[in-house]
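I am opening a notebook on this structure. My plan is to look at the whole chain, then at a few places inside it.

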Amino acid sequence: MSLDKGLIELTVGEIAQPVRVDKYVASCRDDVSRSLVADAEITINGKPAKNSSKVSCGDRIVVSYSQECFGEIEGEDLPLHILYEDADLLVVDKAQGMVVHPGAGNLHHTLVNALVFRYGRDFESGDPASSKNADSAADIDEDEAWQLDPLRPGIVHRLDKDTSGTMVIALNRESHRKLAAQFKEHTVSKVYIAICKGFFTNKRGRIQTNLVRDRKDRKKFTICQPPKGKSADTSFVVLRQFEGYALVRISIHTGRTHQIRVHMASIGHPLLGDPIYARPDRTFPQATLMLHSFSLELDHPRDGRRLNFRSPMPQRFKQIIRQL
């Protein structure tokens, strides 16, 4: 792993109204993301500035940044539970605990390491220009189309490390583009199951809020009022109510980071085993995150067939349900 340093110098051209400096720089440079600017040293007209500072026509911007580069991805012979495979796409039941792609602190044993081993270096190749756009996993939503990135070959959406279940991977560039477009346009149906805490007075509901990163804790997100944050839309149905817990089916209509976890916690029903948004549970102190991607429905990138893939309920769910 190495550190890539760079300097960006821009003069703001004609714009209709003042705009955030991170947004302006990202709009001018295809190889730069807003999150990269957010972590950089910025000056506007020679004075230190924040990534949220506004710029106007004629302003001089200097961004001094550094980012970790991970180099060539090493293929690793890791077990994968394959649900479906053809020449264009692969669908897996991702195990809980497996990180999707390499990042700081997770250079090995990721899903991408396993994919590179399985499909070789041709699968690893991406657009070199986009490698500088490799944000941390927590900064990227499914709704933002994933670029062809050497660090994320074939990855068009993601699941958190501790979330298990159905995940699709593109096996060529054309499939990547078409699948990413489906996620961006919200034509993919995504259904999860979760074990939530508490008693639900309403057996079904819909949660529509904006989400924003918590200023006090960068690992967390929180609900907020527009125009701040990004819109998030979640619906749920209680499948079984137990004493103090419930098995819930959850559909997400957007793909925001930690969306389900934040939304369910916001209505007083955090997910059992959630180390960030829930308190340690007295009844199940050893429980891990009880969130599973149950099904994924999408159009085949080559012939347009509507496909539905399902991952069975994991053993960790069955054990807790038996106890309940």
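**Entry: one serine**

I started at Ser 293, which I found in strand β15, residues 291-299. Is Ser 293 buried or exposed? I looked up its relative accessible area, and the value is 2%. The cut-off for buried is under 20%, so Ser 293 counts as buried. I then listed what Ser 293 touches, leaving out residues up to four places away in sequence. The list holds Leu 159, Thr 163, Ser 164, Gly 165, Thr 166, Val 191, Tyr 192 and Ser 311.

**Entry: the whole chain**

I noted that this is a predicted model. I stepped back and read off the secondary structure: seven helices and 16 strands. The chain has 324 residues, and 48% of them are buried. The chain exposes about 16,400 Å². Carbon and sulfur atoms supply 48% of that area.

**Entry: helix α7**

Next I went to helix α7, residues 315-323. Which of its residues are buried? I found Arg 316, Phe 317, Ile 320 and Ile 321. Seen down the axis of α7, these buried residues fall within an arc of 130°, so they line one face of the helix. I checked the face turned away from the buried side, and it carries the exposed residues Arg 322 and Gln 323. I also looked up what covers the buried residues of α7. The cover includes β9, β10, β13, β14 and β15. Strand β15 is where I began, with Ser 293.

**Entry: aromatic rings**

I counted aromatic pairs and got three. I looked at Phe 200 and Phe 236, whose ring centres are 5.6 Å apart. Their planes stand at 55°, so I wrote this pair down as tilted. Phe 200 is in the loop between β10 and β11, and Phe 236 is in strand β13, 36 residues apart. Both Phe 200 and Phe 236 are buried.

I then took Tyr 245 and Phe 284, with ring centres 5.4 Å apart. Their planes are at 75°, so this pair is edge-to-face. The pair links distant parts of the chain: Tyr 245 sits in strand β14, and Phe 284 in the loop between α6 and β15. Tyr 245 is buried at 7% relative accessible area. Phe 284 is buried too, at 8%.

**Entry: a charge over a ring**

Last, I looked up Lys 203. Its charged end sits over the ring of Phe 199, 4.4 Å from the ring centre.

Definitions and conventions. Residues are numbered from 1 along each chain as its sequence is written. This is a predicted model: local features need pLDDT of at least 70, side-chain atom pairs count only at pLDDT 80 or more; totals for chains, interfaces and linings use all residues. Side-chain values use heavy atoms; hydrogens and water are left out. Helices (H or I, at least four residues) and strands (E, at least two) are DSSP runs, numbered from the N terminus. Buried means under 20% relative accessible area, exposed over 50%, partly exposed in between (1.4 Å probe, protein chains only). Accessible areas come from the Shrake-Rupley method with a 1.4 Å probe; for residues, only the protein chains shown count as cover. Contact means heavy atoms within 4.5 Å. The arc is that of the directions from the helix axis to the C-beta atoms. Rings of Phe, Tyr and Trp (its six-membered ring) pair if their centres lie within 6.5 Å; planes under 30 degrees apart count as stacked, over 60 as edge-to-face and the rest as tilted. A charge sits over a ring if NZ of Lys or CZ of Arg is within 6 Å of the ring centre and within 35 degrees of the ring normal.
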